[in-house]
Amino acid sequence: MSIVNITNVRVLDNPTLFRNSYQFEVTFECIASLLEDLEWKLIYVGSAENLHFDQVLDSILVGPVPVGVNKFVFQAEPPKSDLIPHEDILGVTVILLTCSYKEREFVRVGYYVNNEYMDEELKENPPEKVEFDKLYRNILAEKPRVTRFPISWDNPEADETAASTKAEEDAKVENASGQEDDLMEEEELIDEEEEEEGDDVEEEEELVDEEDIEDEEDLDEGVEASQE
C-alpha cells in the first residue's frame, strides 16, 4: 500500500503560449511519517520515438511531509525548443509529473499536450520556421493517465510482513477451495452409496418375488397330487 497518494492535480494557466511556464497545483495525502523528502519532477516528452529528447523541466524536493493532506504549486520553465526535433514541435506530445521517494519512483501522471497555432491562417499554412510567439499549448487536463509503482518505504520489514500476510490469506483461500472440492467429492460418494443401496433393495425385492413364485409352483404341484 502506498504511503503517499495524489488526490488531485489542477493545471493552471491553461491553455497558454508555448513559452509560458508550466504550473500544476498538486494535492496529495500522506498516511504515515516519512524520514526523507519527496522528489517531484516534470518531464516533457520531446519525441515519441526517442527517449533522448525527453527534457526534465524541473525537479524539486518537498518536505518534511506531515501526515495528512498537503498541497503545493509546481512551476517549471517550458522546454528548450532547440532540443526538440523540428517535426515534433507542432502536434500532440506528453508531459509527465512524477514523484519519487529515496530515488524510487512510485507514481506518474501523464497528460497529452497539443501544440498548435490559434490563428486559422497559420493553422492551415504553418510556416517552415516555427513562430513560437504565436504558438500555443493546450494540456488535456481532464484526461490524465496515472501509473503507480510499488516500492519499499521506510520499513522494509513491514513490507515483507504485509507480503507474508497476503501470501497466508491466498493460501487460506486455496485451502478453502480444496475443502470445498473434498466436500463435493464426499457428497458424490454418498450419492453413489445411496444408489448402490437402492440397487441392493431392488435385487432383494426381485429375490423375494422369485421365492414367492417358487412357493406358488410347489403349492400347485401339491394340490394336483392330492387330486390324483
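Let us begin with Cys 30, which is buried, with a relative accessible area of 2%. Buried here means under 20% relative accessible area, exposed means over 50%, and partly exposed lies in between, with a 1.4 Å probe and protein chains only. Cys 99 is also buried, at 0%. The number of disulfides, meaning pairs of cysteine sulfur atoms within 2.5 Å, comes to zero.

A word on the basis of these values. This is a predicted model, in which local features need pLDDT of at least 70 and side-chain atom pairs count only at pLDDT 80 or more, while totals for chains, interfaces and linings use all residues. Residues are numbered from 1 along each chain as its sequence is written, and side-chain values use heavy atoms, with hydrogens and water left out.

I turn now to the aromatic rings. A pair of such rings is described by the distance of the centres and the angle of the planes. Rings of Phe, Tyr and Trp (its six-membered ring) pair if their centres lie within 6.5 Å; planes under 30 degrees apart are stacked, over 60 edge-to-face, and the rest tilted. The whole structure holds eight aromatic pairs.

How are the rings of Phe 28 and Phe 72 arranged? Their centres are 6.3 Å apart and their planes stand at 75 degrees, so the pair is edge-to-face. Phe 28 belongs to strand E3 (residues 22-30) and Phe 72 to strand E6 (residues 68-76), so this pair links parts of the chain 44 residues apart. Strands are DSSP runs of E, at least two residues long, and helices are runs of H or I, at least four, numbered from the N terminus. Phe 28 is buried at 1% relative accessibility, and Phe 72 is buried at 14%.

Finally, Tyr 22, Phe 24 and Tyr 111 form one aromatic cluster.
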